[in-house]
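Hello,

Here is the structure I promised to hand over. My notes follow below it.

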Amino acid sequence: MLDIKGLAVKLEEEDKQILKGVDLSVEAGSVHAIMGPNGSGKSTLSYVLSGRDGYEVTGGSALLEGENLLDMDPEERAAAGLFLAFQYPVEIPGVGNMTFLRTAMNAQRKARGEEEISAGDFLKLIRAKAKELKIDAEMLKRPVNVGFSGGEKKRNEILQMAMLEPKMCILDETDSGLDVDAMKLVSEGVNALRDAGRGFLVITHYQRLLDHIAPDVVHIMADGRIVKSGGPELALEVEKNGYADILTEVA
Amino acid sequence: MAAPAQKQDPTEARLEGLTLPDGAAWAREAREAALGRFRAMGLPTRRDEYWRYTDPATLTQAAAPRAAVFKPTDEVPLFQEVDRLKVVFIDGVFSPEKSDDLAMAGLEIERLQDALAKDIHWAKDLYGTREAAGQDPVARPQAALNTAFATDGIVIRATGKAEKPVELIYLHRDEISDAILHHLVRVEPGADVTVLEVGPAAARFNKCMEIDVADTGAFHHVRAQGRDHERRAVTHMFARVGKEALYKSFTTTANGVMTRNEHVIEIAGDRATAHVAGAALGDGHYGKFHHDDTVFITHDAVDCESRQVFKKVLRNGAEGVFQGKILVKEGAQKTDGYQISQSLLLDDDSSFQAKPELEIYADDVICSHGSTTGAIDETALFYLRSRGVPTDEATDLLTLAFLAEAIDEIADEALREDVAARLREWLERRRRG
Ligand SMILES: Nc1ncnc2c1ncn2[C@@H]1O[C@H](COP(=O)(O)OP(=O)(O)O)[C@@H](O)[C@H]1O
Ligand SMILES: [Mg+2]
């Protein structure tokens, strides 16, 4: 599904190398987790994959189902099936949540040569999905993320994911700032989307999210590289001993 | 008093060929007085402080510059779905054939020249009165010129709740038309009327509206200035707002080589409200675009509220200007004055100049003003794109979001939705090229 090879990235404005050769392959139907200390480059990886400005790829490649992601505009990547649940979801005053989602959905459909969703079908769909995530009608009407609590923003990200049904989902610290109940809702939302045709890359700082979303593979990222990969037990090890041991071990 | 020497020649040149229209004695007097005011002030030039950001030359020159007649293609006219009384002017001349019958419950309505021909008419107290009062402390010579020479217009007296809005439809047919229209609106106590204005009117348009909102009356105004790229307009709204009365005006402008819209509002009765708003979209790609909103609100009563909300979206060298003043007179305690002017510049070629002013002589007031100039929010743009919305569509969405605060000033939902839909379509057409 997602194949990243030797991906090296520096900041466009500064001479600062952030990713120093990332290798990672997420197969369809699997959930991969990336853990790692703050500043190791996890968010940068997610931004570069989704096409945000400000970074320069200095080496390597990233393919989505064999297509070169790095050549595409962000909207093309989305239409191709890539989705990033942001670590810090963006507030957009003046744009209603519903309008936003419908515009996005139809833009993706149009790009793929599919029919637009009718207003009625859209409404039915969003109501059903919102209910599962305990997002009320009031929240749907409000401007995108404006005045939402941290947990509401994260649930809103998962709602977008559920509506857009991407092939490859990247979740960047979706668990941060969530209480236990919200964590459960978000995890259930993600688990409901788990599917043989879909890949997940779950970035997290803590093991606790992985109690709810059981990963197939866990990677440890440090200083712009994947330094260790393993099974779910790797996350438990981090939980118990922190990153220090692993980092010394691979140093 | 005569105008400064250097202004006299162009001022007299402008008057050439114009004659004071006939009418009742009081109307002749009002026109002669206005002509006197005009001569004393003289036409404005770029050197005048009030015209620092807008060059009045093409508005003041003797003959109207030619303006091609714009032919809309696939658009439904604005307010088509709204039940309203249509009053049509073609190049500034009332068209009885195209207009509805001038009759409606809750309203007296007639042509300006008919009202001004009558020896006894309520218009006597209003014609030229608000305009004359609005000349102090800042001169507005073109409004005086209008009072002196306006040959057409509409005169409305609301006596109750008008059953539907009155729409003034301004058609432009002649490439060199130079129209002067003068309207009067008197809202009696407790009455309520909505006046809509749509269209370019002429190659060059000088419009003046004098409005007297009596105690507890309500005046609503929604205007869409014509889309003709080459049209020019200088407009004045002079209003007096009485006790517990409401004055609400919204203008949207897309296209137009030169527009200067002035609002001069005197809040004269306690607990009165005055809101003025504007949403302008300028794209220099279609030709020059210059749009100037100039607002002067005077608070002269207790516990009143005023709002000014002006938004401009500018690209391809489009120019926006905002001059807004809140004057709070001595004794106008508990005034709540708010003013915001913002521009969204979609490229480096476009420009916005703002001159917000507060002048306050009362101590118990809340007045705030702010002005911003900014580009599209890159973070929001990326967020939209990451969800699959292409850049240009995302930009339009953010543009409409930017304009929303101004559009939301339209109280009536149907009118508001119609204006919002029209701006959305304008952006869509532009995007498709
Ligand atoms: N736009 C940027 N400007 C400056 N520094 C940046 C920028 N983006 C990332 N960095 C730096 O790159 C490193 C990796 O950051 P990030 O990808 O956010 O890490 P993580 O998500 O693992 O905490 C940090 O040192 C961070 O300060
Ligand atoms: Mg991060």
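The shell around ligand 1 divides into four nonpolar, six polar and two charged residues. Here Ala, Val, Leu, Ile, Met, Phe, Trp, Tyr, Cys and Pro count as nonpolar, Asp, Glu, Lys and Arg as charged, and the others, Gly among them, as polar. A residue is in the shell if one of its heavy atoms lies within 4 Å of the ligand.

This is a predicted model: local features need pLDDT of at least 70, side-chain atom pairs count only at pLDDT 80 or more, and totals for chains, interfaces and linings use all residues. Residues are numbered from 1 along each chain as its sequence is written, chains are lettered from A and ligands numbered from 1 in the order written, and side-chain values use heavy atoms, leaving out hydrogens and water.

Among the shell residues are Lys16(A), Lys42(A) and Tyr55(A). A backbone N or O atom of Gly39(A) sits 2.7 Å from a ligand 1 oxygen atom. For Ser43(A), a backbone N or O atom lies 2.8 Å from an oxygen atom of ligand 1. The protein buries 64% of the 550 Å² that ligand 1 exposes when taken alone (Shrake-Rupley method, 1.4 Å probe).

Now the strand (a DSSP run of E, at least two residues). Five of the five residues of β9 (residues 168-172) of chain A are buried, so the strand is largely enclosed by the rest of the structure. Buried means under 20% relative accessible area (1.4 Å probe, protein chains only). Met168(A), Ile170(A) and Asp172(A) cover one side of β9(A), with Cys169(A) and Leu171(A) on the other. Five bridges join β9(A) to strand β10 (residues 199-203) of chain A, and the two run parallel.

Best wishes

Conventions
Polar contact = N/O pair within 3.5 Å; in protein donor to acceptor, adjacent residues only side chain to side chain. Buried < 20%, exposed > 50% of the residue type's maximum accessible area, 1.4 Å probe, protein only. Helix = DSSP H or I, 4+ residues; strand = E, 2+ residues; numbered from the N terminus. Pairing = 2+ DSSP bridges.
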